[in-house]
Amino acid sequence: MNTNSIRVDGARLWQSLMDLARIGATPKGGVRRLALTELDRQGRDLVVGWLRDAGTTVEVDGAGNIFAVRQGRNVGVPVVLTGSHVDTQPSGGKFDGNYGVLAGLEVLRTLNDVGVATEKPVGVAIWTNEEGTRFIPTMGGSGAFAHVFTLDYLRAQRDIDGISFGEALHSIGYAGNTPVGERAVDAYFEAHIEQGPILEREDKIIGVVTGALGQRWYDCVWTGQDAHAGPTPMEERHDALRGAARMVEAVNTLALRHAPDGRATVGFMQVMPNSRNVIPGLVRMSVDMRHPDDDALVRMDRELAGATAGIARELRLECELRQVVEFAASHFDADCVASVQRAAQMLGYTSRRIVSGAAHDAVYLSRVAPTSMIFVPCKDGISHNETEDAQPEHLEAGANVLLHAVLARAGVSSSLG
Ligand SMILES: [Zn+2]
């Protein structure tokens, strides 16, 4: 049977996105549905209901990851999996994560509509706590699935109120009993909004994602000496905030030296004692550095250490720089990338290859299964924001690419009776 003419129902996909976005809707049109809260439970329940209605068997693992599987003709073989997450940032949007899950649902609904049976089973996954807002680490569910950390470690993490991940998971009824990470995955495809400006700027509909930037995150503490802002002469100060200020500039200059793919950001700073007439004696800050090439990231790391030491010497400060996160750059599976590319071509959508600047569940999945992603444009490249927006026809296009990438991988067996 030739399945090339099958298309998803874009209006139905859009309606599902809007229905899910009502749970935790914010006044400015965004969504606040933090992981493992009552709202997360409501969102999960809604989507799980839809997935059951689509004829899938739903299982939940010990990390709260949800797997909804539509059987294929071959029983007991690894599943061709798609999905993403339904938790959001505190002031998040309607599309980040939710799109990948509902595009997967739309693929299953479409297969049902046209009566296509696949050789391999096809499934949709909802990964727990991708955002890492309420609980660290980010991408907790997919990370546990990929054996990056243990379930015990994950369950012990606590939110700002002291509630553990395990307690929260239990309280929303999603502490499942299937073992974490033992499900065999034939391939993983994740559709996602780009969360950057490139597709929109170049007027391309589909991003064929070849991998993700490597990342290194640091905690940095500048120590000087608190002193009175009046009597202390300028030349005798040990002003920790001056060190931090120089470092903000140094970090940005450093990324520009590694243009166009280098990224470096200071996004967090705490000034002590934070009093207007006291010279700051202590500043804590974060540094986030990213690059698609691990060797370049190593060079950036060295340059960061060098810049920090130089500033500390010049300003007579102590600086402690500690790496707290390291993700190697991800290179997605060539066959899966080619499937996405071929699907975009067959469907007549403009496309370009792209490297993801953000981490996604797919980054961890790529460590245990052949993986690729499909990006669609989002308005002005803005995400993690209530104004996050995407065009229905782009979301539909991405779901069509997902459908055909999945079909190519899962194999069409026959049209159902
Ligand atoms: Zn996401």
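Hi everyone, let me open with a pair of side chains: R44 and D40 form a salt bridge, with their closest N and O atoms 3.3 Å apart. By salt bridge I mean a side-chain nitrogen of Lys or Arg within 4 Å of a carboxyl oxygen of Asp or Glu. The two residues sit 4 residues apart in helix α2, residues 38-53, which means about one helical turn separates them. Both R44 and D40 are buried, where buried is under 20% relative accessible area, exposed is over 50%, and partly exposed lies in between, using a 1.4 Å probe and protein chains only.

A word on the model before going on. It is a predicted model, in which local features need pLDDT of at least 70 and side-chain atom pairs count only at pLDDT 80 or more, while totals for chains, interfaces and linings use all residues. Residues are numbered from 1 along each chain as its sequence is written, and side-chain values use heavy atoms, with hydrogens and water left out.

Now the overall picture. The chain has 12 helices and 18 strands; these are DSSP runs numbered from the N terminus, with helices being H or I of at least four residues and strands being E of at least two. For 417 residues, a compact globule would have a radius of gyration near 22 Å, and the chain agrees with that at 23 Å. That radius is taken over C-alpha atoms, and the globule rule is 2.2 Å times the number of residues to the power 0.38. Along the principal axes, the C-alpha atoms fill a box of roughly 90 × 45 × 40 Å.

Of the 417 residues, 54% are buried. Among contacts with a separation of 6 or more, 80% are between residues 24 or more positions apart, a contact being heavy atoms within 4.5 Å. The chain exposes about 17500 Å², and carbon and sulfur atoms supply 49% of that; the areas come from the Shrake-Rupley method with a 1.4 Å probe, and for residues only the protein chains shown count as cover.

Back to the charges. How many salt bridges does the structure hold? The structure holds 19 salt bridges. One of them joins R409 and D186, with the closest N and O atoms 2.8 Å apart. R409 is in helix α12 and D186 in strand β6, residues 185-193, so this pair ties together parts that are 223 residues apart in sequence. R409 is partly exposed at 21% relative accessible area, while D186, at 15%, counts as buried.

Another salt bridge links R322 to D219, where the closest N and O atoms are 3.6 Å apart. Here R322 belongs to strand β14, residues 318-327, and D219 to strand β8, residues 214-223, so the pair ties together parts 103 residues apart in sequence. R322 is partly exposed at 45% relative accessibility, and D219 is partly exposed too, at 36%. There is also a network of salt bridges linking R12, E106 and D113.

Next, the loop between β17, residues 371-376, and α12, residues 392-410, which is where E386 is placed.

Let me finish with the backbone. Most residues other than glycine have a negative phi, and most peptide bonds are trans. I136 and P137 are joined by a cis peptide bond, with omega about 0°, and P137 is in the loop between β5, residues 122-126, and α4, residues 140-145. M139 is in the loop between β5 and α4 too; its phi is near 55°, again positive in a residue other than glycine, and at 1% relative accessibility M139 counts as buried. A cis peptide bond also joins M272 and P273, with omega about 0°, and P273 is in the loop between β11 and β12. Thanks, everyone!
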